[in-house]
Each structure stands twice: as structure tokens, then as C-alpha cells.
Amino acid sequence: MTANSSEAGIVRASEYSLVELMCIQAARETAGAGVAFVGLGLPVLTTTLTKVHHDRALIFNTEVGVMDWDPPLAEVDHAPNGIADPLLNRGAAYVGDMVDTLCSLLMGGRVELAILSGAQVDRYGNLNALMIGEDRLFPEKRLRGSGGNTDAACLAPRVLTVMSLEPRRFVERVSFLTSPGYIDGPGARAAAGLEPQGPNLVVSTMGVFDFDTPDGGETGSCELRLTKVFPGIEADVIDAMLPWPLLVADDLERVEAPSEDELRVLRALDPQRVNLAEGRY
């Protein structure tokens, strides 16, 4: 990345990585969400950043039964290493099991935003966390599975996906649909018995996307639409990386570079670079 001129407290582009800005922007977008269902991997890191830096009132819940994780900041020397890390038990309002989170929270309509990730996302926001390849018996790669991603994608009123922008991840059609977005276009969620959903977002390593649907999947194209680009990145660069023509918002915005404080806190939350290491995200 090329360096940008910096203001007080804002770091130059040469001093942070794209994945770091992705995590920081995802945390910014999550702030104010209210009640969050937090998926495995990058969502744990990004939502921890939201909780400890941007929005202490965020209600942080994970699939395994942790509800309203609200630890004393002095006890958080790193982000949880997963959705079942014992660190999550310290300061949680309740620690139960998957039935509590998936049934009481998600099925009970008590979640306002799901923060998810996966191996692939397609033009309609569908996620794949199960397998790569078209052969169901002998796939190219088997993944860790969907866990609560499927429940969250079906039931949460909004979804924010955190995904590195790479051709292997942003695909025309996911190899296996584990977590439905807008499925195959307008009306598809309703046809599948699912409620409208949105505004959904995908935060990547180059920009932020929403979806071209004003009513949660009934009308519009329901395709990804670029709304914000990172410093030093232009829309045509992103367009060249996608296997479909990119929709771009008329009022395309430029994402603000990380502040010194945001970058410091993020790096402190992942001291071993479990999520930030090259290729891990």
C-alpha cells in the first residue's frame, strides 16, 4: 500500500495492513448493533474490538451458550481464541449451551445482528463453511462446518460478514450453501420460508459492500454493491477481482484510516497474530 498523508492520531497506510483495517472497519460497523451473535474466527476478534473500544454496551453472545460477555477491561489481555474460549466465561451474564443461544436468542428473535465469516461468499451474500469443490463425495477440501452460521444466517434480522477479498473467497456461486444470504436473488428468501433480512454488509480487505435490495430481498438485484473503499484502493481494482460485474454505489465513500488507538488495541487483542497472520484470515 502507498502511504497517505496523516492527520493527528491517524496512521499512514504504510503502517497498517489491509486485514487490520478490515477488522477495524468491521468493528466500527458493528458498534451500536445492540445484541450480537458472534461467529467463529475473525468475528470474535472484530467484535471483541467493538466491545472493548467502540461500544461497551454491545451485548456479545456466542453459539456455545455465552451470553452478554462483559469482562472488566483490565482482564482482557487478548481476544478469545474461539467461541468457547474460557475467557468468555469471565464476566458473562450467563453461560449455558447451544440450545440457549440458538433457541432462546436466535429463534426467540432476541438477536439484532449476526457477525459471520466462512471460506466463500457469493454475489448474493451466501456463505460456505463446509466444503470446496463440486464433487460432494470427493471435494477438493473439507472445512470445519457451519455450526451456528446456518441458524444465524436464517434467523438474524441483519448479517455482517467479515471476509478477505480474494478470488478464491469471492465466487460467482458458493460450492456449498451453508448460510443463506439472498440465495439466488429477489424473492428467494421468502420462497425458502425465511424472513427479509438487512441491511446486510460484507466487510473485506479492500472495501465494504451492502446489497442492492431496499426491502431485505423482495426487490432489487440483491447483489453485492460496493459502498466504501479503503485508502489507496479504487473500485476498478475490486471489480477486476470479482467473477461478476461489480455494482458500485452512486455515493461511494472512502473508509477512514485506522486511528493510532484502534490499531494499538487491535494488535494487543491478537498478540500471537492468531487471526492477523498472513493467510489465516
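I'll start with a salt bridge: R273 pairs with E20, and their closest N and O atoms are 3.7 Å apart. Before going on, note that this is a predicted model. The two partners come from distant parts of the chain, with R273 in the segment after α7 (260-269) and E20 in helix α1 (residues 18-30), 253 residues apart. R273 counts as partly exposed because its relative accessibility is 33%. E20, with a relative accessible area of 2%, is buried.

How many salt bridges does a search of the whole structure find? It finds 16. I'll take two others, both involving R123.

In one, E172 forms a salt bridge with R123, and the closest N and O atoms are 2.5 Å apart. E172 sits in the loop between β11 and α5, while R123 sits in the loop between β6 and β7, so this pair ties together parts 49 residues apart in sequence. E172 is partly exposed, at a relative accessible area of 36%. R123 has 13% relative accessibility; the cut-off for buried is under 20%, so R123 counts as buried.

In the other, the side chains of E223 and R123 meet at 3.1 Å, N to O. E223 lies in the loop between β13 and β14 (224-229), and R123 is again in the loop between β6 and β7, so the parts tied together are 100 residues apart in sequence. E223 is buried, with a relative accessible area of 12%.

Three strands, in the order β7-β6-β11, form an open sheet with mixed pairing. Its edge strands are β7 (127-128) and β11, each pairing on one side only. Strand β6 (residues 120-122) pairs with β7 in the antiparallel sense, over 2 bridges. V121 has L127 in β7 as its bridge partner.

Now another sheet. This one is open too, with 8 strands in the order β2-β1-β5-β10-β12-β13-β14-β15 and mixed pairing. Which strands are at the edges? They are β2 (59-62) and β15 (247-254), each of which pairs on one side only. Neighbouring strands in this sheet are turned by 25° against each other on average, direction ignored. At the β2 end, strand β1 (residues 35-38) runs parallel to β2 and is joined to it by 4 bridges. F37 stands opposite N61 in β2.

On to the aromatics. The whole structure has 3 aromatic pairs. For F60 and W69, the ring centres are 5.1 Å apart and the planes are at 70°; planes over 60 degrees apart count as edge-to-face, so this pair is edge-to-face. F60 counts as buried because its relative accessibility is 0%. W69 is likewise at 0% and counts as buried.

Y182 and F211 also form an edge-to-face pair, 5.3 Å centre to centre with 70° between the planes. Y182 lies in the loop between β11 (170-171) and α5 (188-191), and F211 in strand β13 (residues 207-211), so the pair ties together parts 29 residues apart in sequence. Both Y182 and F211 are buried.

Last, helix α2, residues 42-54. Its 13 residues should span 18 Å at 1.5 Å a residue, and the end C-alpha atoms are 17 Å apart, which agrees. Is this helix mostly covered or mostly open? It is mostly covered, with 11 of its 13 residues buried. Among them are L42, P43, L49 and K51.

Note on methods
Residues numbered from 1 in each chain as written. Predicted model: local features only at pLDDT ≥ 70, side-chain atom pairs only at ≥ 80, totals over all residues. Heavy atoms only, no water. Expected span 1.5 Å × (residues − 1). Buried < 20%, exposed > 50% of the residue type's maximum accessible area, 1.4 Å probe, protein only. Pairing = 2+ DSSP bridges. Axes fitted to C-alpha atoms, helices over the stretch in contact; angles between N-to-C directions. Phe/Tyr/Trp six-rings, centres within 6.5 Å; stacked < 30°, edge-to-face > 60°. Salt bridge = Lys/Arg side-chain N within 4 Å of Asp/Glu carboxyl O.
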